[in-house]
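Please take a moment to look over the sequence and the model together before reading on.

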Amino acid sequence: MNLLDALGAVLDPPGLLTGAADLAPYLDDPITRARGEAVAVARPASTEAVAAVMAAAAAHGAHVTARGGGTGFVGGAVPGPGQPAIVLSLERMRRIRAVDAVGATMIAEAGVALAAAREAADAAGLQLPIVHGGAGSATIGGTVATNAGGLNVVKYGMARQHVLGLEVVLADGRIWHGLRALRKDNAGYDLKQLFIGTEGTLGIVTAAALALAPRPLARATALAAVASPEEALTLFGLLRRRLGDLVAACELIPRSALELHFARRPEARDPFATPHGYMVLLEVESPAEALDLEPLAEAALAQALEADIAVDVIVARSERERAELWALREGLAEAQATDPRVLKSDTAVPVAQTAAFVAEASRAVEALMPGAVPVPFGHIGDGNIHFNVLAPAAMATEDFLAHKARLAASIAEVSVALGGSIAAEHGIGRDKRDLLATVRGGVEHDLAAALKQALDPAGRLNPGKVV
Ligand SMILES: Cc1cc2nc3c(=O)[nH]c(=O)nc-3n(C[C@H](O)[C@H](O)[C@H](O)COP(=O)(O)OP(=O)(O)OC[C@H]3O[C@@H](n4cnc5c(N)ncnc54)[C@H](O)[C@@H]3O)c2cc1C
């Protein structure tokens with residue numbers, strides 16, 4: 001029996017795709033424009049069927065790349081050229097198996113869209129506090145496998161903080177039933193951590209037990225204009241001192257990013273009468289409905305104005321005004337997402353170093369490519385500034401593309417020199433594998449290689465990614 005016959009024997013007809021036109025949507029990574037090759041797409045509808053696919057792959061020496069929504073930023077869900085490869089799509093495993101409103105937990109299958117899981121939590125009067133622009137397509141499996149972050153990491157942490165237990169199919173087809181929804185569990189090694197953020201290289205996540213949080217019932221949103229990233233950082237410090245964990249988002253917005261957004265959306269308008277070099281989008285929230293957060297946020301921002309940390313402030317007075325402020329933040333990411341003339345970057349430094357990072361990365365970029373425009377935006381509250389770069393106006397796109405890798409490496413060098421990371425929230429995938437090898441060598445590399453050897457000795461799971 002060959003591989004396709006073996007897969008056909010364990011999958012129902014909708015579970016196996018082999019035609020070129022059927023495979024195409026699963027071989028493409030829209031963000032990085034990566035393309036891959038595979039002999040089949042397996043779409044199992046149950047954990048047992050996933051296990052049977054993995055056993056068939058093991059028996060026939062096939063490589064397996066798991067795929068969720070295909071929204072990752074580093075080419076991780078695209079199979080490499082090593083033949084034969086199977087794409088294992090979790091899209092038919094879409095059941096929310098349980099929601100426990102008292103214990104504030106949920107068990108969701110890997111193919112459930114992040115937005116759908118958030119809606120299910122909301123229906124139970126709770127929230128799954130993982131929020132980002134790709135939530136409509138990104139899946140729970142992909143969220144766990146990439147340890148996704150997002151807009152409110154400053155308050156709630158990354159995906160890892162919300163994973164209580166996992167169900168995982170191993171490379172040899174065995175199922176690990178680790179789906180415990182426990183808040184406290186020190187019984188032995190915390191094995192679920194092996195599969196969080198390891199991008200499908202150590203196992204296939206089929207379901208996750210997730211910790212939910214109280215739903216925010218009081219909220220205030222504001223935009224502060226500041227002169228530079230230094231003032232933005234000082235403002236963040238002041239807000240944290242005065243408002244503590246009420247701060248749910250603190251986002252840096254540079255003028256350069258706004259200009260890209262305005263060029264794409266001419267109907268969008270500048271929130272301030274005078275254009276400012278930088279802005280900080282602030283959101284505070286609490287589950288305590290009686291808490292009036294607007295005056296609290298206003299008082300903190302008034303102190304920032306008095307101390308010349310902020311130069312102007314807008315507080316959203318309605319849900320519509322709040323939506324307009326967030327539309328600016330979302331619009332500036334969308335404006336750059338697939339533009340080949342923008343280099344996308346995803347580094348993180350210790351929070352106190354974010355302003356130094358922006359200054360030094362700007363100098364490095366100018367030295368390497370005079371006229372290139374830094375577009376540093378994002379999560380100043382957790383040190384994850386996306387230091388994107390717009391090609392110089394006079395440079396041809398092909399020339400820019402040819403220099404992108406060097407540009408990315410120089411930004412990563414600045415981050416590492418400041419004690420930072422080369423991958424804050426999007427992971428390593430295919431695109432940053434070589435870069436990872438340059439910064440995580442020695443004992444750290446040996447430990448990672450030992451884990452890979454122990455869990456996937458034949459190197460079948462997502463080869464060419466991460467390790
Ligand atoms: C508009 C937009 C905004 C975004 N904003 C953010 C953001 O703010 N923060 C952030 O962190 N991300 C963001 N992302 C990126 C993306 O949504 C996340 O990386 C997401 O977690 C990927 O989920 P996915 O289901 O699409 O996974 P895929 O892209 O399909 O896969 C990603 C990786 O996980 C592996 N994988 C997928 N499913 C499984 C599984 N069940 N078991 C094992 N491995 C698996 C794949 O092999 C691959 O290596 C954004 C994306 C978009 C399009």
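Gly-178 has its place in strand E11, which covers residues 175-178; strands here are DSSP runs of E with at least two residues, helices are runs of H or I with at least four, and both are numbered from the N terminus. The model is a predicted one, in which local features need pLDDT of at least 70 and side-chain atom pairs count only at pLDDT 80 or more, while totals for chains, interfaces and linings use all residues. Residues are numbered from 1 along each chain as its sequence is written.

Leaving aside neighbours within four places in sequence, Gly-178 is in contact with Gly-165, Leu-166, Glu-167, Val-168, Leu-191 and Lys-192, where contact means that the C-beta atoms of two residues, placed from the backbone, lie within 7 Å. Gly-178 and Val-112 are 66 residues apart in sequence, and their C-alpha atoms are 18 Å apart in space.

Glu-199 is buried, with 25 other C-beta atoms within 10 Å. A positive phi, near 60°, is also found at Asp-308, again a residue other than glycine, and this residue lies in the loop between H9 and strand E17 (312-315). Asp-308 is exposed, with 11 other C-beta atoms within 10 Å.

Helix H9 itself, residues 293-306, contains Ala-297, which is buried and has 25 other C-beta atoms within 10 Å. Apart from neighbours within four places in sequence, Ala-297 is in contact with Ala-220, Ala-222, Leu-282, Val-284 and Val-315. Although 51 residues separate Ala-297 from Leu-246 along the chain, their C-alpha atoms are 9.7 Å apart. In helix H7 (residues 229-243) one finds Gly-237, which is partly exposed, with 13 other C-beta atoms within 10 Å. The C-alpha atoms of Gly-237 and Ala-45, 192 residues apart along the chain, are separated by 48 Å.

Helix H4 (residues 114-123) can be followed from its buried residues, which are Leu-114, Ala-117, Arg-118 and Ala-121. Seen down the axis of H4, these residues fall within an arc of 100°, so they line one face of the helix; the arc is that of the directions from the helix axis to the C-beta atoms. The buried residues of H4 pack against strand E7 (96-100), strand E8 (105-109), strand E9 (126-127) and H5. Just after H4, Gly-125 takes a positive phi of about 80°.

In soluble globular proteins, nonpolar side chains tend to be buried together. Here the largest nonpolar core has 145 residues, and those with the most contacts inside it are Ala-224 and Val-280; such a core is a set of buried Ala, Val, Leu, Ile, Met, Phe, Trp, Tyr and Cys residues joined through C-beta atoms within 7 Å. Helix H3 (residues 47-60) gives the largest share of this core, eight residues. Not counting residues up to four places away in sequence, Ala-224 touches Leu-235, Met-279, Val-280, Leu-282, Leu-301, Ala-304, Ala-310 and Val-313.

The domain assignment divides the protein chain into domain 1 (3-89), domain 2 (96-214), domain 3 (218-336) and domain 4 (342-427), with bounds that come from an automatic or database assignment. The C-alpha centres of domain 2 and domain 4 lie 30 Å apart, and seven residues of domain 2 are in contact with eight residues of domain 4. On the side of domain 2 that touches domain 4, the residues divide into three nonpolar, three polar and one charged; Ala, Val, Leu, Ile, Met, Phe, Trp, Tyr, Cys and Pro count as nonpolar, Asp, Glu, Lys and Arg as charged, and the others, Gly among them, as polar.

Where does the ligand lie? Domain 1 and domain 2 both give residues to the shell around the ligand, so it lies between them. The ligand is surrounded by 35 residues, of which the closest are Gly-68, Gly-76, Gly-134, Gly-141 and Gly-142, a residue being near a molecule if its C-beta atom, placed from the backbone, lies within 6 Å of it. Strand E5 (63-67), helix H5 (140-146) and strand E12 (204-211) are the elements that give two or more residues to this shell, and H5 gives the most, with five residues. The shell divides into 10 nonpolar, 21 polar and four charged residues.

Note on methods:
A residue is buried if 20 or more other C-beta atoms lie within 10 Å of its own, exposed if 12 or fewer, and partly exposed in between; C-beta atoms are placed from the backbone.
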